[in-house]
Amino acid sequence: MSTSASTQPYYELAHLQALEAEAIHIIREVAAEFERPVMLFSGGKDSAVMLHLAVKAFAPARLPFPVMHVDTGHNFPEVIEFRDRRVAELGARLVVASVQDAIDAGKVVEETGPRASRNRIQTVPLLEAIESHGFDAVFGGARRDEEKARAKERVFSFRDDFGQWDPKNQRPELWNLYNGRHRKGEHIRVFPLSNWTELDIWQYVAAEGVELPPIYFAHPRRVFQRDGMWLAESPWVTLLDGEEVEERTVRFRTVGDATCTGAIDSAASTLAAIIEETAVTRITERGATRADDRISEAGMEDRKREGYF
Amino acid sequence: MELLRFATAGSVDDGKSTLIGRLLYDSKAIFEDQLEAVERTSLARGDAYTDLALLTDGLRAEREQGITIDVAYRYFATPKRKFIIADTPGHIQYTRNMVTGASTADLALVLVDARKGVLEQSRRHAFLATLLGIPHLVVCVNKMDLVGWSQERFEEIRSEFRSFAMRLDVHDLSFIPISALHGDNVVERSANMGWYEGTPLLHHLEETHIASDRNLIDARFPVQYVVRPQDQVNHDLHDYRGYAGTVAGGVLKPGDEVVVLPSGLTTTIAAIDSADGPVAEAFAPMAVTIRLADDVDVSRGDMICRVRNRPHVGQDLEAMLCWLTQEGDLRAGAKFGIKHTTRWGRALVKDLQYRLDINTLHRDEGAGTLALNEIGRVSLRTTVPLFFDEYRRNRATGSFILVDEATNNTVGAGIITGPTGVA
């Protein structure tokens, strides 16, 4: 972010500039200290912002690490199109960890039934890819304001040989002195956006002109209601009795597996309108749109312990 | 809009969770689905009231046992500022947690129960906040409703706290009488305490002047990463060599005459790049890339500073050390990995001079160990020279962590008081 002339005499950074500087510091620290870092990139807004920050961190040099997408196979096509285009623009290397491949190889068993989701089984191909590529640091776009288990996670989050997170045994993290030391086979998850909120992300997207997939903006879509959420009609979901598809004007606040990511009713088709809507919303983004977090109070914590994002 | 990071210290008994809950709720940072989840859990657990601590206690073990295990970070914003709260638990591992939360804070909130007055715990919190160099300390005298909104009681607590604080290095100390439960002087001015002439807490948080807290005098730039594009396509970039890092102090400008440590070579700053193009000056905590006029050898862990304003350079230093692990006590003679700015080395603890009782500030010179949550004064010798300042002058160049070389855990947090052998 450019520092505007009016703030210069006081040597103050506005909050987005401070958050940006913190994230760039974290990203550079990883590039300097790890042998094989990788950045998760799903095409969602948080990972788009994280990738944008990584590009800024090393400019004018190219990104010094590859990006990785854990592909459930249940994607919004607009998001995959955006992912591939961004990767090509940057000349980056894309690693795809495929859930479908893991299912086909018999490594995971897919849930069955109309509410089946591939969300939880993503952990297996993720950990396999980390192991087979020898990645020792994995950047994730998770934010502490998203979810209460994430609120307790370190910026540098240690994972053991099994990729597990032990919330009761985290390394103390002081000042900006990050400890990435680990043994072979262990790795560190790194969260440069830890201190960002959903509103910060949108304000930054607007200030920096970060490109996002079109599904974040209001558009007409064929949807049906389940558990109080608008789910998109897709080849991967079967309607239950009483569920009816209708066309509504919606947008997505988060982007994940198409079978468990809900849309919200919204006419916000511009960044300004989205920022306004985000500033006054009374429901968290995961509460509004993620079936995977509704499993239990500790849904996220349990998945994270297993090695989830 | 400016960012203010503050740490809260206190226990459930002090009404800390209620206060944070009130700040979040009144600034609309608590969402309906979060509140509903808290109400459901409270009801299921048989609480007599909606326990707002559940908003921050995110882990299963915390909710089941009704305790806070770890520092929780919470976020809210008003039209004037964005706030990051590091909420540190009051009882369990208070020192380890508070030191962690306080290390990046601009301001500390210390809660005092108006009925109980200044307890050992209040003194402890105030001491740790000042040890960690937090420039602003706000003492909230809470539960004023339970002492009949008494000005006399408030003044009594204020003068007791002040006389204790005189022994500490406190730059800015404020007192606010509040009732977190009823909201008095939290967001809105209290109608029950007309005698209080100050501002409510939120207004205080919005207005506290933090821009002058950073060190803008001593230019310090620890080199984090060397940017060399080596671009096959764009040959203009072939000779580009930039030193990326986060400014740790002072103001740097193109044309400044600088010295690179440890080589001692001098050169000038040719340009300072940000990803948005060249900048006219860089100051803490901006993340930038510096280009130098001469082709000098610079790598990660080096420090760029002004020729006539250099940090201490040396392998022997004195520090206050906070011990963070229960996996073994600290003893003189132990060796660790040390991380200071962007520089790693090894450190030998040559001497534990005393252990500090953080309740009484008494120095126990006979202590041979530091256990988890204990603080003491140590002398260190490092394998590589460090480029450091006194912590009270610069938090970024005055701090370090110690890492156990067998487990790789972070086991110690150090606050540099100066080089060894200088009074």
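**Strands, turns and the chain contact**

Analyst: Let's start in chain B, where V258(B) is opposite R306(B), a residue of strand 16. Keep in mind that this is a predicted model.

User: How do strand 11 and strand 16 of chain B pair, and over how many bridges?
Analyst: Antiparallel, over 4 bridges. Strand 16 of chain B covers residues 303–306.

User: And which way does strand 11 of chain B pair with strand 12?
Analyst: That pairing is antiparallel, with 4 bridges. Strand 11 of chain B spans residues 257–261, and strand 12 spans residues 265–274.

User: What is the bridge partner of E257(B) in strand 12?
Analyst: T268(B).

User: How many residues sit between strand 11 and strand 12 of chain B?
Analyst: There are 3, and the two strands form a hairpin. G264(B) lies in the turn and has a positive phi of about 80°.

User: Which residues does the cis peptide bond in chain B join?
Analyst: L261(B) and P262(B), with omega about 10°. P262(B) belongs to the loop between strand 11 and strand 12 of chain B.

User: What about the cis bond in chain A, where is that?
Analyst: It runs from A59(A) to P60(A), and omega is near 5°. P60(A) lies in the loop between helix 2 and strand 2 of chain A.

User: Is W149(B) buried or exposed, and why?
Analyst: Buried, because 20 other C-beta atoms lie within 10 Å of W149(B), and the cut-off for buried is 20 or more.

User: Now N408(B). What is its phi?
Analyst: Near 70°, a positive value in a residue that is not glycine. N408(B) is in the loop between strand 24 (399–403) and strand 25 (410–419) of chain B.

User: What box do the C-alpha atoms of chain B fill?
Analyst: Roughly 70 × 55 × 40 Å along the principal axes.

User: What share of chain B is buried?
Analyst: Buried residues are 49% of the 423. As for contacts in chain B with a separation of 6 or more, 69% of them come from residues 24 or more positions apart.

User: Switching to chain A. In what order do the 6 strands of the open sheet run?
Analyst: The order is 3-2-1-4-6-5, with mixed pairing. Strand 3 (94–98) and strand 5 (156–159) of chain A stand at the edges. Each has a single partner strand, so one side of each has no neighbour in the sheet. On average, neighbouring strands of this sheet are turned by 30° against each other, direction ignored.

User: How do strand 1 and strand 4 of chain A run?
Analyst: Parallel, joined by 3 bridges. Strand 1 of chain A is residues 37–40, and strand 4 is residues 137–139. V38(A) is opposite V138(A) of strand 4.

User: Which strands does helix 2 of chain A touch?
Analyst: Helix 2 of chain A packs on the sheet and touches strand 1, strand 2 (67–71) and strand 4. Its direction makes about 140° with that of strand 1 of chain A.

User: What's the order in the closed barrel of chain A?
Analyst: Its 4 strands run 7-8-10-9, paired antiparallel. Neighbouring strands there are turned by 70° against each other on average, direction ignored.

User: Which residue of strand 10 stands opposite W230(A)?
Analyst: A263(A). Strand 8 (residues 229–232) and strand 10 (residues 262–265) of chain A share 2 bridges, in the antiparallel sense.

User: Last topic. How many residues of chain A are in contact with chain B?
Analyst: 49 residues of chain A, in contact with 59 of chain B. Helix 1 (15–33) and helix 2 (45–58) are the elements giving two or more residues to chain A's side. Helix 1 of chain A gives the largest share, 9 residues. That side of chain A divides into 23 nonpolar, 11 polar and 15 charged residues.

Note on methods:
Residues numbered from 1 in each chain as written. Chains lettered and ligands numbered in written order. Predicted model: local features only at pLDDT ≥ 70, side-chain atom pairs only at ≥ 80, totals over all residues. Contact = placed C-beta atoms within 7 Å. Nonpolar A, V, L, I, M, F, W, Y, C, P; charged D, E, K, R; others polar. Pairing = 2+ DSSP bridges. Axes fitted to C-alpha atoms, helices over the stretch in contact; angles between N-to-C directions. Buried ≥ 20, exposed ≤ 12 C-beta atoms within 10 Å, placed from the backbone.
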